[in-house]
Amino acid sequence: MKTFLLLTTVILAGSLGELLAARGMREVGDVSLRWRELLRSLGRAARNRYLYVALGCLALAFFAFLSLLSYAELSYVVPLSAAGYITNTVGAKWFLKEKISKARWVGTLLVAGGVVIVSLPPETAEFISPLTQYLFHSLSTLLSSSLSPAQGVLFWLLLALRLLLLILVVCSIIYYAIAVWAGWLWFRERRRQRELGTCYRPPVTILIPVCGADEWTYENFASFCRQDYPQYQLIFGVREESDPAIGVIKQLQADFPASPIELVISQAELGHNAKVSSLQNIYPRAAHDLLLIVDSDIRVGPDYLRRIVAPMQEAKVGLVTCLYRGIGSQTFGALIENLSYTSTFGPEVVTARALEGIRFALGSTILMRRKLLEQIGGFRAVADYLADDFLLGRYVAEAGYQVVLSDYVVEHVCGPISFSTMLRHQLRWGRSTRVSRPKGYAGLILTYGTATSLLALLAFQFSTFAWALFGVTLLARALPAWMIGVVGLKDRLLAKYFWLLPLRDLIGFGIWAASLSGDKVQWRSATFRVLPDGKIEPIGES
């Protein structure tokens with residue numbers, strides 16, 4: 001009991017002292033080595049209340065540490081006191097509001113594991129040692145079953161393949177569990193957002209770049225004209241006088257005379273991204289400070305503006321974006337693409353939000369203030385990038401503002417695209433994402449547990465273990481898809497075709513593998529090359 005109390009004092013008092021010292025020195029400011037500046041810093045430090053309490057806590061921790069050394073072994077005390085790394089990291093996150101990277105969290109968890117191992121009593125260690133040996137022997141037997149060392153190099157290749165697939169499948173199951181937890185956190189955040197109410201209603205300018213029209217275009221645009229919102233401006237931008245969307249927009253102006261609807265036709269180019277050029281062309285006509293950028297294939301409800309604007313009343317919020325669910329699945333290609341939005345992409349986004357925060361934006365909704373847009377370089381900063389929406393969110397996060405995932409879910413209207421068109425679209429998205437986040441995109445293999453567990457089934461020659469692993473993986477995969485896609489995003493299409501989820505995953509895995517190489521993408525009628533820095537250039541240009 002004495003040892004426990006002294007160790008607790010060392011860890012908690014030491015961590016509290018260091019946290020308070022850090023808080024106090026932030027108020028004192030930078031300490032210069034010039035003697036006059038140094039004296040001023042010492043004077044400020046002498047008047048700082050945090051530093052006095054910090055010194056008291058550190059002194060208490062030091063004397064508790066000396067007391068431990070009076071009877072306990074140093075090799076036992078020092079590793080256990082390293083638990084202070086854990087409390088320091090948690091305290092820095094919540095008390096000092098520091099941004100903790102994934103690498104630091106992993107290091108903290110490793111320290112925690114080491115502390116647990118060191119603190120084990122001898123009788124527990126004696127129990128764990130044979131258990132570890134048994135598990136290692138069982139794993140070796142499992143991996144080498146039906147294989148013969150006489151196969152030489154083939155034996156070791158198959159053994160390595162089985163081990164790799166086993167690791168990938170286990171990590172996928174862990175990812176699905178994390179996604180469920182992340183979904184729960186997002187549900188909680190959605191409730192918090194709704195508690196903000198809808199009384200905050202500043203004027204908004206909606207910017208919609210348009211290229212072409214289909215049978216759903218009018219209803220998509222009309223949904224923005226039916227907003228239950230006091231003051232907003234709607235500006236459409238097209239590049240060609242012959243664009244069929246012009247007729248749709250003029251019909252809107254006739255059908256909604258009370259709505260301030262403007263049309264800008266301009267071929268002026270800012271960069272290789274035609275969408276961004278259109279945004280730049282209509283940007284000068286924006287009358288309000290709050291800007292909303294929306295893709296032309298998005299459809300919303302009357303409460304859309306009221307809901308997405310609510311988080312902007314918090315000063316730390318710089319951008320609001322939305323998840324989406326697909327509608328309009330008239331072809332198999334459209335169905336597979338729509339299923340991917342809520343079954344795969346949705347869980348990926350909420351997981352990213354839980355682990356590192358939202359540091360990107362989605363083209364379905366980008367709500368931000370004019371001043372912040374100009375601060376990060378305006379549309380010119382993303383004019384030559386394919387992933388313009390992603391970068392706008394990243395620049396906002398790098399500027400020190402919070403990117404919020406709204407509780408509102410918009411609808412993405414997918415036309416009757418062919419299967420090959422769907423593959424080209426997904427390949428374009430995959431390659432642009434790979435360039436924008438190379439490490440994160442490589443890590444997406446963990447989201448394809450269906451494919452890796454199927455490969456494991458083949459590698460383990462359809463053994464009972466492999467079948468059990470395959471079944472557990474499918475069940476684990478279904479949990480976040482249903483929880484986030486069906487329950488959270490309210491995707492009735494996913495609920496109806498949930499049985500197609502394994503097939504969609506296998507198609508997605510193939511697209512992911514193909515996206516790992518190559519730099520060419522097809523966007524509308526043009527072909528571009530994605531450069532190493534994420535920019536695009538038309539094929540044929542140097």
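This is a dialogue on reading a predicted model.

Trainee: What should I know about the numbering and the cut-offs of this predicted model?

Mentor: Residues are numbered from 1 along each chain as its sequence is written, and side-chain values use heavy atoms, with hydrogens and water left out. The model is predicted: local features need pLDDT of at least 70, side-chain atom pairs count only at pLDDT 80 or more, and totals for chains, interfaces and linings use all residues.

Trainee: Which strands stand at the edges of the sheet?

Mentor: In general, strands of a sheet pair through backbone hydrogen bonds, either parallel or antiparallel. Helices (H or I, at least four residues) and strands (E, at least two) are DSSP runs, numbered from the N terminus; two strands pair if DSSP finds at least two bridges between them. Here an open sheet of eight strands, with mixed pairing, has the order E3-E2-E1-E4-E7-E6-E8-E5. Strand E3 (261-265) and strand E5 (298-299) stand at the edges; each has a single partner strand, so one side of each is left without a neighbour in the sheet. Strands E1 (residues 204-209) and E2 (residues 232-238) run parallel and are joined by six bridges. Pro-209 has Gly-237 in E2 as its bridge partner.

Trainee: How many residues does the largest nonpolar core have?

Mentor: A nonpolar core is a set of buried Ala, Val, Leu, Ile, Met, Phe, Trp, Tyr and Cys residues joined through side-chain atoms within 4.5 Å. Buried means under 20% relative accessible area, exposed over 50%, and partly exposed in between (1.4 Å probe, protein chains only). The largest core has 85 residues, and Val-204, Ile-206, Phe-236, Tyr-304 and Ile-308 have the most contacts inside it. Apart from it lies another core, of twelve residues, including Phe-460 and Leu-469.

Trainee: Which residue forms a salt bridge with Asp-407?

Mentor: A salt bridge is a side-chain nitrogen of Lys or Arg within 4 Å of a carboxyl oxygen of Asp or Glu. A search of the whole structure finds 18 of them. Asp-407 pairs with Arg-307, the closest N and O atoms being 2.9 Å apart. The pair links distant parts of the chain, with Asp-407 in strand E8 (residues 402-413) and Arg-307 in helix H12 (residues 304-309), 100 residues apart. Asp-407 is buried at 2% relative accessible area, whereas Arg-307 is partly exposed at 22%.

Trainee: What separates Arg-192 and Glu-189 in helix H8?

Mentor: About one helical turn, because they are three residues apart in helix H8.
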